[in-house]
Amino acid sequence: HEVEITGTKDDELFEVKRLSDNETAVNIYKITNNGNTKDVPYYSRIFNNNETKEIRIYGIDGKDEFKVSGNVNRSIKLRLIGGPGEDKYEDLSAIRKNGRRTIIYDNHKNKIIPSGETQLHLSEDSAVHTYQYDYYKPNKISFKPGIFYSNEDRIFISYTYLYQKQQWRKSPFGLQHKIDVKYSLGQKAFSSTYASTFTKLLGKWDLNLFANYDQVRWTNFYG
């Protein structure tokens, strides 16, 4: 699953340590008005890499510092999202097998010390580091029976399966699969439709797939 961690409007130090192939530690410290970092973190947690696939850390505001370290074979994907304040980023981590797992989202006015693991998404558009408080939407799975009437099939019954998976910053969903199976009582025949959408699969481009099967194909004659 994915985890979101938010800071505050104050100055803070976000410290991420890739401890091993199985564990990642996140600590958040307050930075005082005179620039000193508190000795004890107000947030501290160790994540199991087998349970957590992605960590998103939002600075929200203030002059924050983000420090990432650790030398491992594989690790959690880490998204660091700053804020409107001038932030500092330091990525000293190294991941040998599934690298480039530290992704920074902010503008060009920040101080960034990257490593070979760092990906940069920098933009003057404030949307790049905006935290959406109502962002979270659960994945959706539904099964829906129905009964319908049409001129071609007369009365038919249907069963529809819908699966929606949410993905970060993809609206209204990351991907969707929809399959329905219909049975015409008058024609005693099945038909089925499959439709899927992959949002922003290639940059801003979506991919839509569609397939249809009808046991009876209608032919209309005019004259």
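Visitor: How many helices and how many strands does the chain have?
Guide: Happy to start there. This is a predicted model, where local features need pLDDT of at least 70, side-chain atom pairs count only at pLDDT 80 or more, and totals for chains, interfaces and linings use all residues. Residues are numbered from 1 along each chain as its sequence is written, and side-chain values use heavy atoms, leaving out hydrogens and water. With helices (H or I, at least four residues) and strands (E, at least two) taken as DSSP runs numbered from the N terminus, the chain has 0 helices and 18 strands.

Visitor: What share of the 223 residues counts as buried?
Guide: Buried means under 20% relative accessible area, exposed over 50%, and partly exposed in between (1.4 Å probe, protein chains only). By that cut-off, the buried share is 36%.

Visitor: Is Ile155 buried, partly exposed or exposed?
Guide: Ile155 sits in strand β15. Because its relative accessibility is 41%, Ile155 counts as partly exposed.

Visitor: What box do the C-alpha atoms of the chain fill?
Guide: The box is taken along the principal axes. Its dimensions are roughly 85 × 35 × 30 Å.
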